[in-house]
Amino acid sequence: MSRFFGQIRQAGYVVRDIEAAMDHWSRTLGIGPWFYNERVPIRNYTYRGEAYEVHNSVALANSGPLQMELIQTRNDAPSMYRDFLQAGNTGLQHVAYWTEDYDADLERLLGQGFKPVMSGEVGEKGRFIYFDTEYHPGTVIELSEVAGPKGRMFDLIREASTGWDGSDPVRPFPDLSRL
């Protein structure tokens, strides 16, 4: 437990082949089912203060209470994921803390000197922000808002992992507009 953020709720891995990664994690490690979105609908995306159109594929599954995220960039839009790959890295790129009080937590972190690098929104009340904290690969910190449909989707993903028998290892993301 972090005295600044609470529990780490997600470990984010940047991979070059998300389909192979989902297969490995489910067959070799027994983690799943994976909820996959070939093109995550990210709105209001910025990287270092500039707006870009990103195309990222994401797969989410849980290992107990910890959500695992696999990310593959599909275009060359600037991002921390692209930087991580260009530095010769793959694997753990960030850890995420979840919040239902995004504005207050963001204000507190900015007051503590955290510097935003990358941000956007996935669904209503689904904002996220990554901070310039990569002193070592895998130590980027993400603050992720879970007050809206994204949070309900995360609950569904965690529930699906409980007692998962290995069947149907890759499933589509739920429709956020219906959650």
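Predicted model: local features only at pLDDT ≥ 70, side-chain atom pairs only at ≥ 80, totals over all residues.
Student: What makes β4 and β11 the edge strands?

Tutor: Start with the open sheet, whose 11 strands run in the order β4-β3-β8-β9-β10-β7-β1-β6-β5-β2-β11 with mixed pairing. β4 (50-51) and β11 each pair on one side only, and that makes them the edges.

Student: How do you know that β8 and β9 pair?

Tutor: Pairing takes at least two bridges, and β8 and β9 have five, in the antiparallel sense. Methionine 118 stands opposite tyrosine 130 in β9. The hairpin of these strands has five residues between them, and glycine 123 there takes a positive phi near 75°.

Student: What makes the largest nonpolar core a core?

Tutor: Its members have to be buried nonpolar residues joined through side-chain atoms within 4.5 Å. This set has 28 residues, and Leu60, Met80, Met118, Tyr130 and Met153 have the most contacts inside it. Among the elements that supply at least two residues each are β5 (56-63), β7 (91-99) and α4 (149-161). The largest share, four residues, comes from α2. There is also a second, separate core of 13 residues, including Ile18, Ala21, Trp25 and Tyr36.

Student: Why are the buried residues of α1 said to be on the same side?

Tutor: In α1 (residues 18-27) the buried ones are Ile18, Ala21, Met22, Trp25 and Ser26. They cover an arc of only 120° around the axis, so they sit on the same side of the helix. These buried residues pack against β1 (10-14), β2 (34-37), β5, β6 (66-73) and β11 (170-172). The helix runs at about 155° to β6.

Student: How do you know that aspartate 17 caps the N-terminal end of α1?

Tutor: One of its side-chain oxygens lies 3.2 Å from the backbone nitrogen of glutamate 19. The cut-off for a polar contact is 3.5 Å, so the pair qualifies, and aspartate 17 counts as the cap.

Student: What makes β5 and β6 a pair?

Tutor: Eight bridges join these antiparallel strands, where at least two are needed. In β6, glutamine 67 is the bridge partner of asparagine 62.

Conventions. Residues numbered from 1 in each chain as written. Heavy atoms only, no water. Buried < 20%, exposed > 50% of the residue type's maximum accessible area, 1.4 Å probe, protein only. Arc of directions from axis to C-beta. Contact = heavy atoms within 4.5 Å. Polar contact = N/O pair within 3.5 Å; in protein donor to acceptor, adjacent residues only side chain to side chain. Axes fitted to C-alpha atoms, helices over the stretch in contact; angles between N-to-C directions.
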